[in-house]
There are 2 protein chains.
Amino acid sequence: MKFCMIGARGHSYYAYQVLKNLPEVQLTAIAPLGDLRAASLIQATAPWNPRQYDDWRAMLDREQPALVCIDGPFEQHAEMAAEALRRGIHVFCEKPVATTFAQLEMLEAAWRASGRHIRSMVGLRYDAAFLHAYRLVQAGAIGKIKLVRTQKSYKLGKRPEFYKRRDTYGGTIPWVGSHAIDWILYYTGDAFECVTAYHDATDNFDHGDLEIAAHCLFRLKNGVIADAGIDFLRPATAATHGDDRVRLAGTKGVLEVLGGKVHLIDADGDRVLDPPPADRDVFGDFVHELADGRPSLVTDEETFALARAILLARESADTLTTLHF
Amino acid sequence: MKFCMIGARGHSYYAYQVLKNLPEVQLTAIAPLGDLRAASLIQATAPWNPRQYDDWRAMLDREQPALVCIDGPFEQHAEMAAEALRRGIHVFCEKPVATTFAQLEMLEAAWRASGRHIRSMVGLRYDAAFLHAYRLVQAGAIGKIKLVRTQKSYKLGKRPEFYKRRDTYGGTIPWVGSHAIDWILYYTGDAFECVTAYHDATDNFDHGDLEIAAHCLFRLKNGVIADAGIDFLRPATAATHGDDRVRLAGTKGVLEVLGGKVHLIDADGDRVLDPPPADRDVFGDFVHELADGRPSLVTDEETFALARAILLARESADTLTTLHF
């Protein structure tokens, strides 16, 4: 499977860090675009000796890969992904796959016409604790889920300029919230019905349009109530960059991911579980689905459901209205 | 200060358990009303040898107390409290002080006309960890609060019949949510601007109208985003009845109350603080304010702000609309 990589702004390392375990994938070329982590991309992929392109379209045309990793500027994800799909190339894309509804519609149309697959980089589905929690939920550990709370809290630090403008950043709900909202889809397997969200760009330490805090409240089609709390207020002194959490309250128990552990309370009592190391990853999983037909833990449809949810949540926050899916 | 007690359905023990420390308070009579915890009330107050009444109005007329504790059926709180205020009696009232908007308006009018004070039983402001967190916030430990998340999770067990009907229970947002919503007022000192809430009475283990899960999302007047997650899904096996939490994210740090501890991350790092034992309590504080003028940690105005917030949140959930204060 010929493979190319475009850009190095976000999580393209999800792909290159597992390439050595994927002999079926041949990295033939990269287009680092001089972006944030271009040097890391070039260095990490050197063992595969990929050709380097300045022009990503030329790369797709000449290399004709089966699969491309897209991690360019956020506002160009949709255009790059659509161009790849139109060339018959499967797409592994940084989230959010679109930063506007117009981009999303264009991309979804390109996907439908292509017969190819697209997945966004929801790598936190595969984090050891979150993956273990998923398997427990699937095995019925907490019964029917009624209430979901998720959290993403990041350190802000000093962000590059593109974070300071809505047109190049997209917003904190899309960028940070993607994970928190994706966990809701992941654990419930349900569809969103409506969303009410707020976000706030004041007191953001001179980061322009960047929202320092946000909160999204969803109702799902089957009645599940779910919310995502999102902030950049984690102090620089904290032990880890992010404080990622999920709490799932069900009819048979409560399950929580907190501090990298899984906390489970069920009929057998209250205990903390050390998750085993993850045995799957988001890029390898996609490759296996394409190559061997083994289903990934995320689908194309969920990729678009997530993309729509974050844009609707951002619009809800911008307009102070409740929006229906 | 002559003192009487009406009813024993909820938290009237907040009053009688500290009576021995309040020599200025003379408990002269009780009207246990044959309610849920009547036997406990009678037994615990026996050392003061109070007269017992079947008719609480007759008790108020004959005893002419300065202060009354009201803990009757939920749907009668407002009527009992208004009757006391009209007799010039200060009121310490189980929350919610009203289960309908009509009751709330009637009660607020009676309060304004009375020149007397009313406080609802927001005892969790005085829990050791929550009180310590309050003092840290007041001292500026986390700077300006931007995001608040609160949680009340209770064991359901088998509840008495009155919990199964909206007209006698009031709803899970008023009953359980009061605390979670009160913490928002407590820590921010701000006023609510709007609320969007959901609640769900399905899968409630044969508890009629009782909502098993709820979630309320608020925007405050100064832009703070705050939410309260509320559920009765805590398994019977859990170590404690409730899992009470607050997380406050501010411009200078993150403070969290969890498992009875205070977790603080600020410029000095990440640490867990054991709170000192609480040196105040909700009933004693009210008595001291009345007797000595020392301000309590909660005001009459906050009592009504909370009462309005829970009714608006319940109405938001009932009507699937966002409501403004």
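Helix H5 of chain B, spanning residues 101–114, comprises 14 residues and extends 20 Å from its first C-alpha to its last, close to the 20 Å expected at 1.5 Å a residue. The model described here is predicted. Seen down the axis of H5(B), the buried residues fall within an arc of 160°, so they line one face of the helix. This buried set consists of B:Gln103, B:Leu104, B:Leu107, B:Glu108, B:Ala110, B:Trp111 and B:Ser114. Their packing partners in chain B are helix H4 (77–86), strand S6 (118–120) and helix H11 (300–319). On the face of H5(B) turned away from the buried side lie the exposed residues B:Ala102, B:Glu105, B:Arg112 and B:Ala113. After H5(B) comes B:Gly115, with a positive phi near 70°.

Over all chains, the structure holds 38 aromatic pairs. One of them joins A:Tyr186 and A:Tyr187, whose rings are 4.9 Å apart centre to centre with 50° between the planes, a tilted arrangement. Both A:Tyr186 and A:Tyr187 are buried. In chain B, the ring centres of B:Tyr134 and B:Tyr187 are 6.5 Å apart and the planes lie at 55°, so this pair is tilted. The pair links distant parts of the chain, with B:Tyr134 in helix H6 (residues 128–138) and B:Tyr187 in helix H9 (residues 177–188) of chain B, 53 residues apart. B:Tyr134 has a relative accessible area of 16% and is buried. B:Tyr187 likewise counts as buried, at 3% relative accessibility.

Aromatic residues of chain A also form a cluster made up of A:Phe74, A:Phe162, A:Tyr163, A:Tyr169 and A:Trp175. The ring of A:Phe162 has the charged end of A:Arg9 over it, 3.7 Å from the ring centre. In chain B, the charged end of B:Lys95 sits over the ring of B:Trp175, at 4.0 Å from its centre.

A:Asp127 lies in the loop that runs between strand S6 (118–120) and helix H6 (128–138) of chain A. With a relative accessible area of 31%, A:Asp127 is partly exposed.

Chain A is superposed on chain B by a rotation of 180° with 0.0 Å of shift along its axis, giving an RMSD of 0.0 Å. The two copies are thus related as by a two-fold rotation axis. Of the interface residues of chain A, 100% are also interface residues in chain B, so the copies meet through the same surface.

Notes. Residues are numbered from 1 along each chain as its sequence is written. Chains are lettered from A and ligands numbered from 1 in the order in which they are written. This is a predicted model: local features need pLDDT of at least 70, side-chain atom pairs count only at pLDDT 80 or more; totals for chains, interfaces and linings use all residues. Side-chain values use heavy atoms; hydrogens and water are left out. Copies are superposed by least squares on the C-alpha atoms of residues with pLDDT of at least 70 in both. Contact means heavy atoms within 4.5 Å. Helices (H or I, at least four residues) and strands (E, at least two) are DSSP runs, numbered from the N terminus. The expected span of a helix is 1.5 Å times one less than its number of residues. Buried means under 20% relative accessible area, exposed over 50%, partly exposed in between (1.4 Å probe, protein chains only). The arc is that of the directions from the helix axis to the C-beta atoms. Rings of Phe, Tyr and Trp (its six-membered ring) pair if their centres lie within 6.5 Å; planes under 30 degrees apart count as stacked, over 60 as edge-to-face and the rest as tilted. A charge sits over a ring if NZ of Lys or CZ of Arg is within 6 Å of the ring centre and within 35 degrees of the ring normal.
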